[in-house]
Amino acid sequence: MAQDHPQDVRMTGRAPRRAVAAASRTRQPTEVRRRLIAEAAVPLIAERGSAAVGVRDVAAAAGVSVGTVTYHFESVQEVLSEAMVLHIERYYAALSASADQATRAAEGLRLLIDALFTDHTDRHWRMWFDYWHAGDRDEAFARGQATRYESWHGEIRALVERGRDEGDFTCEDPADFAVRFAALADGLALQRLRRTPPLTTPDARRHLYRLVEVELERGA
C-alpha cells in the first residue's frame with residue numbers, strides 16, 4: 001500500500017486525500033437516473049411540444065451530459081415517451097384518488113369532471129394531444145396511449161357501476177358510456193386549446209355534467 005509522503009503531511013498538516021476507488025463510489029441506480037432525466041423533459045414538452053425538444057435540450061434541463069442521456073435512453077423519442085407517461089400517469093392517479101375518496105360514486109364523477117377542467121389543466125391537455133399525435137409516428141407512443149385509454153375507460157366504467165349499485169345511476173352499458181364520456185372530454189379539451197370557439201372552464205364542465213344527467217341520472 002502506498003504511504004503518505006512525509007513532506008505532504010508537513011506542508012498541509014494532514015495526510016493527502018486519496019482518490020476513492022471506483023467500486024466504492026456512490027452512484028445513482030439506473031432507474032433513478034432515468035427518471036430524473038425524464039422528469040426534466042416534462043416541462044420542455046409542455047412548453048415547446050415534443051417535436052421541438054432534442055437530446056441536448058433534455059441534457060441541459062437535467063444537468064447532465066448528452067452522453068449520460070444517450071447511455072440511459074436509446075433515442076430522444078424514448079426520453080419523450082417516458083416523460084409523457086410520467087406526467088400522464090401522475091395526472092390520472094390524482095384524478096382517481098380524488099374520485100375514490102368520494103362517499104358516493106355520483107360525487108366522485110362530479111369531482112372527476114371538476115378536476116379534468118380547471119384553470120391549470122391546459123398544460124396537461126397540450127401534453128396529452130402531443131402524445132396522441134406522436135402515436136401516428138411511433139408505435140411505442142401508440143401502444144402507450146392505447147393502454148392509457150383502456151385504463152381511463154375502466155376507471156369511468158367502475159364509477160358508473162358503483163353509482164348504479166348505490167342506486168344513483170341508471171345505465172345498461174357502463175363501458176359504452178365510458179367511451180362517450182372520454183370522447184366528449186377530449187373534444188372539449190381540444191376546443192378549449194384551439195379557442196375555436198372559446199370555451200371556458202365552467203362551460204366545459206357543464207357539458208360533461210349534462211352528459212351525466214341525461215344518460216345516468218335520468219336514464220338514456
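The protein has 10 helices and 0 strands. Helices here are DSSP runs of H or I with at least four residues, strands are runs of E with at least two, and both are numbered from the N terminus. Along the sequence the pattern reads α-α-α-α-α-α-α-α-α-α. This is a predicted model, in which local features need pLDDT of at least 70, side-chain atom pairs count only at pLDDT 80 or more, and totals for chains, interfaces and linings use all residues. Residues are numbered from 1 along each chain as its sequence is written, and side-chain values use heavy atoms, with hydrogens and water left out.

Start with the overall packing. Of the 220 residues, 38% are buried. Buried means under 20% relative accessible area, exposed means over 50%, and partly exposed lies in between (1.4 Å probe, protein chains only). Contact means heavy atoms within 4.5 Å. Among contacts between residues at least 6 apart in sequence, 65% join residues at least 24 apart.

Next comes the core. In soluble globular proteins, nonpolar side chains tend to be buried together. The largest nonpolar core here holds 55 residues. Such a core is a set of buried Ala, Val, Leu, Ile, Met, Phe, Trp, Tyr and Cys residues joined through side-chain atoms within 4.5 Å. Leu116, Trp152, Phe177 and Phe181 touch the most other members. Helices α2 (30-48), α3 (55-62), α5 (76-100), α6, α7 (122-134), α8, α9 (174-194) and α10 (201-217) each supply at least two residues of this core. The largest share, 10 residues, comes from α5.

Now look at one helix pair. The axes of α6 (residues 105-116) and α8 (residues 139-165) come within 8 Å and cross at roughly 145 degrees. Axes are lines fitted to C-alpha atoms, for helices over the stretch in contact, and angles run from 0 to 180 degrees between N-to-C directions. On the α6 side, Ala105, Gly108, Leu109, Leu112 and Leu116 make the contact; on the α8 side, Trp152, Leu159, Arg162 and Gly163 do. By class, this contact has 6 nonpolar, 2 polar and 1 charged residues. Ala, Val, Leu, Ile, Met, Phe, Trp, Tyr, Cys and Pro count as nonpolar, Asp, Glu, Lys and Arg as charged, and the others, Gly among them, as polar.

Helix α8 also carries Gln145. Gln145 counts as buried because its relative accessibility is 9%. Beyond residues up to four places away in sequence, Gln145 touches Trp128, Tyr131 and Trp132.

Aromatic rings come next. The structure holds 9 aromatic pairs. Rings of Phe, Tyr and Trp (its six-membered ring) pair if their centres lie within 6.5 Å; planes under 30 degrees apart are stacked, over 60 edge-to-face, and the rest tilted. Tyr91 and Tyr92 have ring centres 5.1 Å apart and planes at 90 degrees, so this pair is edge-to-face. Both tyrosines are buried. Phe117 and Trp125 are stacked, at 5.6 Å centre to centre with 20 degrees between the planes. Phe117 is buried at 0% relative accessible area, and Trp125 is buried at 1%. Ring pairs also link Tyr91, Tyr92, Trp128, Tyr131, Tyr149 and Trp152 into a cluster.

Finish with an arginine in α10, Arg206. Arg206 is partly exposed because its relative accessible area is 44%. Its C-alpha atom is 9.6 Å from that of Asp114, 92 residues away along the chain.
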